[in-house]
Amino acid sequence: MNFDIDASEVQPIPLRLPDDFEWGQYPQSLFRNWTSEQVNRSQMLTKCSNGELSTVYNIGVFNDGSFDKQAETRTVRKDDAVGLRGYWNYLGRSPPSNVRVQALFVEDMTLPVLQILGTRYNVEPFFFASSVNWTPSRYREDPKKLEDHITVILPFIRTLQNQRQITRTRPVRIPTLTSSGVVDEPLPYTDEKQVINMQAALSLPENKILVQDLLSLHMVRKKTTSTIISYHPSSELQRTSAKHLQSLVKRTGDSVYWSNIFKRSKDPTFLFLAI
């Protein structure tokens, strides 16, 4: 949350989608305690990906503990009303009865995709607010008979081979309200208007870098099919991508240790732990 913003200067974020979209009023439509001022301070809507596309990599685990190797990948364009409606309807369909848990790894989460997922799965807004701000968080709802929620958000550091040029500074960008929505406009690129990019990688010997990465998971546990949502920062950054994490999770299905656990226990939380 940005507490440096004067509440009197905070303006409501205009919705870019028609009011007849069920997800367009999230989070206030489900969580009345999240006022417009609080939503704006959290920056959960303005810090969404500015890209045109969100890519969602799926994976499923069947009741017998085996993994769905044919899980599809869906691409959602933020300005495509038909495509957004199609994805909304797709999530609204009940998964096959033999699917114990499904995981959605979201790359470049745009505003409509955030609101669709939040509305469909009744996600507490603090998950998205903490994710976009890289705020360490954890939350476990009191267990319920029909449905409960678990959240884990953990920034961490790791080393990897450098594949891009590192930029230590960047121009200041401010959210600008337009008739079509929220647009980030850069301020004049002068020394006074540059800031240090705190998430930029640190160069190490042998062409290696030290990067800050993020594990951000929200799980909706149900008696039928549970769902895990994995948030991933912009694909422009050298971070663990949604596709890469999906591939790593698939490998757990080939592990003798994990496959035995999935077969012996019906608890969907084990997939959450495996991630």
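In strand β3, F105 stands opposite Y57, a pairing found here in a predicted model. The strands β1 and β3 run antiparallel and are joined by eight bridges. Strand β1 also pairs with β2, which covers residues 73–77, again in the antiparallel sense and over five bridges; within this second pairing, V76 of β2 is the residue that S54 faces. Eight of the ten residues of β1 are buried, so the strand is largely enclosed by the rest of the structure. In a regular strand, side chains alternate between the two faces of the sheet.

Both β1 (53–62) and β3 (99–107) belong to the elements that give two or more residues to the lining of the second largest pocket, the others being α2 (81–92), β5 (147–161), β11 (208–222) and β12 (226–232). The volume of this pocket is about 810 Å³, and its lining comprises 37 residues, of which P95, V99, Q102, T225 and S226 lie nearest the centre. By residue class, the lining of the second largest pocket divides into 14 charged, twelve nonpolar and eleven polar residues.

Strand β11 also contains R221, a residue that counts as buried because its relative accessible area, 16%, falls under the 20% cut-off. The side chain of R221 is joined to that of T269 by a polar contact of 2.9 Å. When residues up to four places away in sequence are not counted, R221 touches R140, L146, E147, D148, I150, S226, D267 and T269; of these contacts, S226 is also among the residues that lie nearest the centre of the second largest pocket.

Most residues other than glycine have a negative phi, and most peptide bonds are trans. Y26 and P27, however, are joined by a cis peptide bond, with omega about 10°, and P27 is placed in the segment before α1 (36–42). A positive phi of about 55° is found at N122, which is not a glycine and which is placed in the loop between α3 (111–120) and α4 (126–132). W134, likewise a residue other than glycine, has a positive phi near 55° and lies in the loop between α4 and β4 (137–140).

Definitions and conventions. Residues are numbered from 1 along each chain as its sequence is written. This is a predicted model: local features need pLDDT of at least 70, side-chain atom pairs count only at pLDDT 80 or more; totals for chains, interfaces and linings use all residues. Side-chain values use heavy atoms; hydrogens and water are left out. On a 1 Å grid over the protein atoms alone, a cavity is a set of points where a 1.4 Å probe fits but cannot get out, and a pocket is an open set with protein on both sides within 12 Å along at least five of seven lines; lining residues have an atom within 4 Å of a point. Grid points are joined across faces, edges and corners, and a volume is the space filled by probe spheres set on the points. Helices (H or I, at least four residues) and strands (E, at least two) are DSSP runs, numbered from the N terminus. Ala, Val, Leu, Ile, Met, Phe, Trp, Tyr, Cys and Pro count as nonpolar, Asp, Glu, Lys and Arg as charged, and the others, Gly among them, as polar. Buried means under 20% relative accessible area, exposed over 50%, partly exposed in between (1.4 Å probe, protein chains only). A polar contact is a pair of N or O atoms within 3.5 Å; within protein, one must be able to donate a hydrogen and the other to accept it, and residues adjacent in sequence count only if both atoms are side-chain atoms. Contact means heavy atoms within 4.5 Å. Two strands pair if DSSP finds at least two bridges between them.
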